[in-house]
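Hello,

Here is the structure for your pocket work. My notes follow below it.

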Amino acid sequence: MAEMADDERFMAEALRLAHQHLGATGSNPSVGCVIVRDDGDGAKIVGSAVTATGGRPHAETQALAAAGEAARGATAYVTLEPCSHHGKTPPCADALIAAGVARVVVAVVDPDDRVSGHGLEKLRDAGIAVVTGVLEEEGERELEGYLMRKRNNRPYVTLKLAVSADGMIGIKGQGQVSITGAPARAIVHRRRAETDAILVGIGTAIADDPELTARIPGLEHRSPLRIVIDGDLNLPVTSKLAQTARTVPVLIVTGESDGSVAFSKRQQALEAAGVEVVVCDPQVPADLLAALATRGVSSLLVEGGARTAQQFLNDGLVDRILLFTAPRTLGEEGVPSPIDRKLIPVGFVHRRTDTFGDDLLDTYEYERTL
């Protein structure tokens, strides 16, 4: 029982570390690793690390380097099965073996075909004791984007909506309207910093002229890839998105060219501003998600507008809904939200309600059958 309690305690620390670089490790998952040894005076952490920004070096090699000789005979807690294949870096399983660890505790087995079970097998063949499934549910949640991409060939999709008390998400013809207060908006910016990509429709991009960046001191460099669904390439070159495309990447999803000179000129102007134009049927979000998965995008935040949100919901491509509800009313000129607290799509389960200032945040998750 004592060993089990220690395993959960140190795995919780590894998961806490993993969360620090969520959305900042490229196509690699953000993994936490903690090296622990007990010399008779209680278990102590002698090395710990999280996958570096950009995806390398991996957590295990950094934690082992921090532990040095203290890793020999120690226990390694890793949130995801150590890799066993040669990629751009040697296998982490080999590094653990070479360091002489006596035991490895893993939260989640890696579904990647190149790894799945092979890393654990390699460790066991080397005489290392292996324990799996410690805080597995928490690990699955922390790794949800990576796991969705590997298992379903698409990113984990979160739909975020801010809805007024009378069920509106904006006011026609007035551009960007602040519905929620500063505390709620800060949560959204933090969520952006933990996400690989953010998406809006062209209607929202034109009406609101948003930046879609993470504007929290210290996290500005964590702004995600910004995506606009824009079938006719109508995003103005003068928009904030296009004007900042060389600083924070912007990708426009459009259909096949209509062959017109005007379309070609719009594309050339946007590309000259640094915007990447990708041809993919804007009416088929599933194809877009598959294309994003091939780029290593594991998590996607859909922020608007109503039509885009409804399309993702109709196609069954939303995994989580973050529904902010504010006391403000917008009136008859408001743009109706596709959902509100009284009308949540079938299949979504309410997980929690949080309060930020005067605003409520309800979190819903889709319960998929395995």
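**Pockets, strands and helices**

The second largest pocket holds about 960 Å³ of space. Lining this pocket are 40 residues, and His19, Glu144, Arg191, Glu194 and Arg320 are the closest to its centre. By class, the lining divides into 13 nonpolar, 13 polar and 14 charged residues.

This is a predicted model, in which local features need pLDDT of at least 70 and side-chain atom pairs count only at pLDDT 80 or more, while totals for chains, interfaces and linings use all residues. Residues are numbered from 1 along each chain as its sequence is written, and side-chain values use heavy atoms, with hydrogens and water left out.

A pocket here is an open set of points on a 1 Å grid over the protein atoms alone, where a 1.4 Å probe fits, with protein on both sides within 12 Å along at least five of seven lines; lining residues have an atom within 4 Å of a point. Points are joined across faces, edges and corners, and the volume is the space filled by probe spheres set on them. Ala, Val, Leu, Ile, Met, Phe, Trp, Tyr, Cys and Pro count as nonpolar, Asp, Glu, Lys and Arg as charged, and the others, Gly among them, as polar.

The largest pocket has a volume of about 1200 Å³. Its lining has 46 residues, with Thr204, Asp208, Glu303, Gly304 and Gly305 nearest the centre. Elements that give two or more residues to this lining include strand E6 (156-163), helix H7 (182-193) and helix H12 (306-314); helices (H or I, at least four residues) and strands (E, at least two) are DSSP runs, numbered from the N terminus. The lining of the largest pocket comprises 18 nonpolar, 18 polar and ten charged residues.

In strand E3 (residues 75-80), six of six residues are buried, meaning under 20% relative accessible area with a 1.4 Å probe, protein chains only. E3 pairs with strand E1 (residues 32-38) in the antiparallel sense over four bridges, where pairing requires at least two DSSP bridges. Val36 stands opposite Thr75 in E3. E3 and strand E4 (residues 103-108) run parallel, joined by five bridges, and Val78 has Val106 in E4 as its bridge partner.

Helix H11 (residues 285-294) has Pro285, Leu288, Leu289, Leu292 and Ala293 as its buried residues. These cover an arc of only 140° around the axis, so they lie on the same side of H11; the arc is that of the directions from the helix axis to the C-beta atoms. Just after H11, Gly296 has a positive phi of about 90°.

Regards

Notes: Buried means under 20% relative accessible area, exposed over 50%, partly exposed in between (1.4 Å probe, protein chains only).
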